[in-house]
Amino acid sequence: MQNLIPLLEKTFGYRSFRPGQQAIIEKIFEKKPVLGIMPTGGGKSICYQLPALALPGVTLVISPLIALMKDQVDSLQEMGIAAAYINSSLSQEQWQQRMQQARNGELKLLYVAPERLEAASFQQLLESLPIDLVAIDEAHCISQWGHDFRPSYLKIPELLQGLPASASVVALTATATPKVADDICQLLKIPAENRVQTGFARENLAFEVVKEQKDLYLQEYLKLNKGQAGIIYAATRKEVDRLFYILKDGGFSVGRYHGGLSEAERSSNQEAFLFDQRTVMIATNAFGMGINKSNVRFVIHDQIPGNLESYYQEAGRAGRDGLSSEAVLLFAPQDIQVQKFFIEQSQGTIAYQQQEYLKLREMEQYAHTQGCLQCYILHYFGEEAGDCGRCSNCLDQREQVEITLETQKILSCIKRMGERFGKGLVAQVLTGSKNQKVLQWHFETLPTYGLMKDWGQKELTQLIDYLTAEGYLIPSDGQFPTLKLANSGVEVLKGQRKVYRRQAQVRQLVADDALFERLRELRSDLAQQQKLPPYMIFSDKTLRELADKQPQNSLEFLAINGVGQNKLDKYGAVFIDLIQQSSQTE
Ligand code: ADP
């Protein structure tokens with residue numbers, strides 16, 4: 001293989017390959033079809049963008065979303081690379097023009113949506129192009145076992161058959177269970193030995209599960225991490241709206257995104273987020289696929305998603321730039337019901353629904369595991385690893401408070417009430433309320449009545465929520481679930497098991513840094529002038545390195561990770577100026 005490092009350095013500003021990149025690129029040059037499985041942020045794009053520059057013809061990139069294409073093409077152009085996309089948003093004229101450019105060899109990369117492949121006329125057009133490489137992004141979309149199956153991806157094998165023998169094929173994905181990976185290989189005729197898989201682990205992501213006072217936690221978190229970009233995912237549009245209004249009222253810089261908003265509102269909200277004008281996006285899972293914003297510092301799930309594939313993909317949108325970031329799951333047992341409802345409504349076959357219930361159970365177990373959270377996820381994807389040392393379970397040094405006695409009081413009360421009521425009434429009985437419903441059922445005669453008089457009603461329901469989340473209580477289905485004792489709860493009552501509680505802690509992600517902030521402002525101004533998202537000019541990681549190393553001339557500037565020749569020419573002078581000014585005023 002020719003030495004591509006100089007090209008990598010000159011164009012992208014990177015001095016070495018990330019794990020997996022070189023192995024995948026070598027296979028491409030050996031004309032062997034290859035499947036690359038790398039975590040989000042692992043650097044999949046380079047695996048086909050770099051060969052595309054080195055190969056004489058054009059590289060066709062099949063990518064599922066229009067938003068993603070535009071973003072990628074803008075980034076490439078910003079680095080001085082000739083790239084274009086064709087999709088349904090273009091006029092006939094633009095379409096023709098781009099195809100012509102591709103035929104003339106003026107384009108190095110051409111992005112297309114898979115839907116295009118279904119048109120026979122398009123297939124013919126493709127035959128007129130000098131295609132050297134086909135890259136299939138988000139390759140898991142081809143598998144019905146995957147969580148994001150797209151029927152149009154099934155057209156890809158046919159397309160590949162029509163290619164000249166000299167063309168190479170690379171399929172890339174971040175979320176493939178072993179079963180999905182097998183499926184991709186079979187459909188795209190990729191031999192097993194041509195699979196390159198790097199670890200799924202995200203070294204810069206810290207996972208965390210929080211089980212109480214979700215709204216309060218969110219507000220504290222946003223307060224402490226003000227100015228940092230983040231995504232908050234909720235399962236329903238209604239919940240997105242609810243959070244949006246409370247957080248907006250709380251004075252936070254938030255936007256929202258879901259399928260119930262108009263196209264115009266969605267894209268303007270998305271833009272405000274990409275351009276760092278609103279720092280936090282509250283969204284359903286309709287948001288995010290194809291969002292390459294690299295400086296997302298946290299992803300918080302306000303409600304549990306349906307399976308770990310979705311979770312890892314969504315959580316993985318944090319920290320693509322490699323800087324420390326967090327993925328927090330706020331867990332409440334009733335949110336499981338929302339996902340069950342989705343499965344019931346999905347109109348899938350019984351087998352499909354059973355599979356989905358199973359996936360949901362594995363997702364729920366994630367919230368309960370005592371072990372390393374990263375390990376739990378990796379194990380699900382077929383990989384074994386040592387403890388990450390970063391997640392909330394690994395780091396848990398918060399003081400534990402024993403609450404066995406309180407738990408016994410609560411469980412005993414629930415049992416005496418016949419396991420037929422919800423947390424609200426249980427809390428009223430325990431605090432000795434004279435509420436009509438309490439009296440109507442004669443609960444004031446129970447020995448547990450008023451047993452926790454010192455507790456506030458709210459405080460106590462939170463404790464009951466915690467016990468439910470920890471699995472000592474089993475909620476019934478429905479909006480106002482009744483509570484039953486789980487086996488572990490019975491063991492607590494019998495004195496065979498102790499219960500501990502830890503308070504959730506909010507962590508500050510990034511320390512304040514004056515020069516970094518000034519660099520950020522400059523980037524923001526430049527971005528606005530050119531109508532580009534700031535992260536496309538430089539990633540946060542590059543800014544951080546600029547702030548740390550403070551380059552004083554072009555040569556030093558070029559040595560910063562993420563600075564290629566094109567970026568140096570365009571931005572070097574203004575950034576060096578700012579750095580010099582800052583050091584004089586200090
Ligand atoms: P993925 O598609 O796998 O999620 P990307 O291709 O978007 O990841 O890359 C994630 C980030 O890593 C980008 O900011 C990219 O520029 C950066 N990156 C990729 N390859 C390298 C490399 N060899 N050295 C340094 N940074 C890299």
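## Domain arrangement

In this predicted model, the C-alpha centres of domain 1 and domain 4 lie 30 Å apart. The two domains touch: 14 residues of domain 1 are in contact with 17 residues of domain 4.

The protein chain is divided into four parts, with domain 1 covering 4-197, domain 2 covering 205-395, domain 3 covering 401-501 and domain 4 covering 514-585.

## Packing of α1 against α3

Helix α1 spans residues 5-12 and helix α3 spans residues 44-54. Their axes come within 11 Å and cross at roughly 105°. Because angles of 65 to 115 degrees count as roughly perpendicular, α1 is described as roughly perpendicular to α3.

On the α1 side, the contact is formed by Leu7, Leu8, Thr11 and Phe12. Their partners in α3 are Ile46, Gln49, Leu50, Leu53 and Ala54. By class, the contact of α1 with α3 has seven nonpolar residues and two polar ones, with no charged residue.

## Cysteines

How many disulfides does a search of the whole structure find? The search finds zero. Cys47 is in no disulfide, and the nearest cysteine sulfur to that of Cys47 belongs to Cys185, 15 Å away. Seen from the other end, the closest cysteine sulfur to that of Cys185 is the one in Cys47, and at 15 Å the separation is too far for a bond. A disulfide would need the two sulfur atoms within 2.5 Å.

Are Cys47 and Cys185 buried or exposed? Cys47 has 0% relative accessibility and therefore counts as buried. Cys185, at 7% relative accessibility, also counts as buried. The cut-off for buried is under 20% relative accessible area.

Ala113 is placed in the loop between β4 (109-112) and α6 (120-127). With a relative accessible area of 7%, Ala113 is buried. Leaving aside neighbours within four places in sequence, Ala113 is in contact with Ser63, Met69 and Ile86. The C-alpha atom of Ala113 is separated by 39 Å from that of Pro333, a residue 220 positions away along the chain.

Asn194 sits in another loop, the one between α8 (178-188) and β7 (195-197). Its relative accessible area is 4%, so Asn194 is buried. Which residues does Asn194 contact, leaving aside its neighbours within four places in sequence? They are Lys27, Lys32, Pro33, Val34 and Leu35.

## Positive phi angles

His442 is not a glycine, although it has a positive phi of about 60°. This residue lies in the loop that runs between α19 (436-440) and α20 (457-469).

Lys531, also not a glycine, has a positive phi of about 55°. The loop that holds Lys531 lies between α22 (514-530) and α23 (534-537). Is Lys531 buried or exposed? The relative accessible area of Lys531 is 67%, so the residue is exposed; the cut-off for exposed is over 50%.

Conventions: Residues numbered from 1 in each chain as written. Predicted model: local features only at pLDDT ≥ 70, side-chain atom pairs only at ≥ 80, totals over all residues. Heavy atoms only, no water. Axes fitted to C-alpha atoms, helices over the stretch in contact; angles between N-to-C directions. Helix = DSSP H or I, 4+ residues; strand = E, 2+ residues; numbered from the N terminus. Parallel < 35°, antiparallel > 145°, perpendicular 65-115°, else oblique. Contact = heavy atoms within 4.5 Å. Nonpolar A, V, L, I, M, F, W, Y, C, P; charged D, E, K, R; others polar. Buried < 20%, exposed > 50% of the residue type's maximum accessible area, 1.4 Å probe, protein only. Domains from an automatic or database assignment.
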